[in-house]
Amino acid sequence: MSGPRAHIVAALRRAAVPLAAYYAVTLALPLANGAAFAGARFAVHAMMVLVVPPAAIVLVCGCYALGRACLRAATSAAPAARHQ
Amino acid sequence: MRTRIVTAGAPKAQLAVAAAAMLIALALKQHYSDARADDLLWVLTPTAQLAGAMTGSPFTLQPGEGYLSRERLFLIEKSCAGVNFMIAAFGMLVFALFHRARTAVSAGSVLAVSLIAGYMAAVVVNAVRIAMAMWLAAHPVALSISSAAVHRLEGILVYFCGLMLLYEAVQRLDRRAPHWSGR
């Protein structure tokens with residue numbers, strides 16, 4: 001595995017402990033206190049809490065990989081242009 | 001490669017740390033659930049002062065409500081105290097430093113460092129979140145989602161990034177710092 005996918009997997013692995021701590025406090029504790037009975041309001045909150053952090057990691061990794069690819073393309077194109 | 005010295009009392013010390021951390025987290029959660037805004041001044045006051053310094057808009061105490069910025073009409077109330085973030089940060093730090101608990105003294109140090117760092121991180125990250133929320137309120141963006149959803153999204157991102165940065169920082173410091181002897 002290489003490229004952006006490897007970056008994303010590595011970043012998700014690195015974020016596992018903070019993500020677990022965040023989910024424990026924002027989802028597990030309220031669920032243990034009976035927040036599931038709050039209905040749609042808690043469901044919306046849970047969905048956002050579940051999706052946003054991993055989505056942010058994927059987005060940042062994607063931007064990073066794109067930036068690196070652009071930089072690589074620019075640096076490899078520069079010597080070729082100089083030779084012409 | 002890192003070496004970890006294991007002493008005979010290590011499992012006992014680690015068990016004590018795990019139990020004490022669980023009790024502290026539950027006690028904090030219980031205190032937060034039962035507390036009124038006035039009972040949370042230990043975290044609201046430094047947060048309001050820091051957020052006030054960041055935004056240049058001072059907050060004044062409103063007994064029973066929290067801290068209010070009259071200039072921006074922004075109230076830092078009980079739900080903005082950041083106690084949940086503090087509990088998450090505390091648990092995460094205990095987990096990250098768990099291997100250092102080998103004696104009674106080092107176990108106590110792990111708990112104390114985690115609690116103090118968790119509290120300080122909660123104040124700083126929460127002040128950043130409030131400053132950003134105030135900025136977003138002053139500069140509304142034309143989006144199809146409501147301002148409440150923007151506020152929630154901002155909270156999730158700031159808190160999660162805060163936890164990530166704190167974890168990275170503690171991992172780096174942990175690699176560099178010598179082990180606590182506890183003697």
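Which strands of chain B does helix 2 of chain B lie across? Helix 2 of chain B lies across strand 2 and strand 3 of chain B, and runs at about 145° to strand 3 of chain B. This is a predicted model, in which local features need pLDDT of at least 70 and side-chain atom pairs count only at pLDDT 80 or more, while totals for chains, interfaces and linings use all residues. Residues are numbered from 1 along each chain as its sequence is written, and chains are lettered from A in the order in which they are written.

**Sheet of chain B**
- An open sheet is formed by 3 strands in the order 1-2-3, with antiparallel pairing (strands are DSSP runs of E, at least two residues, and helices are runs of H or I, at least four residues; two strands pair if DSSP finds at least two bridges between them).
- Strand 1 (60-62) and strand 3 (74-76) of chain B are the edge strands.
- Strand 1 is joined to strand 2 (residues 66-69) of chain B by 3 bridges, and Thr60(B) has Leu68(B) as its bridge partner.

**Contact between the chains**
- Chain A gives 14 residues and chain B gives 17 residues to the contact (two residues are in contact if their C-beta atoms, placed from the backbone, lie within 7 Å).
- Helix 2 of chain A supplies the largest share of the side of chain A that touches chain B, 8 residues.
- Leaving aside its neighbours within four places in sequence, Leu163(B) is in contact with residues including Pro18(A), Tyr22(A) and Met92(B).

How values were computed: Axes are lines fitted to C-alpha atoms, for helices over the stretch in contact, and angles run from 0 to 180 degrees between N-to-C directions.
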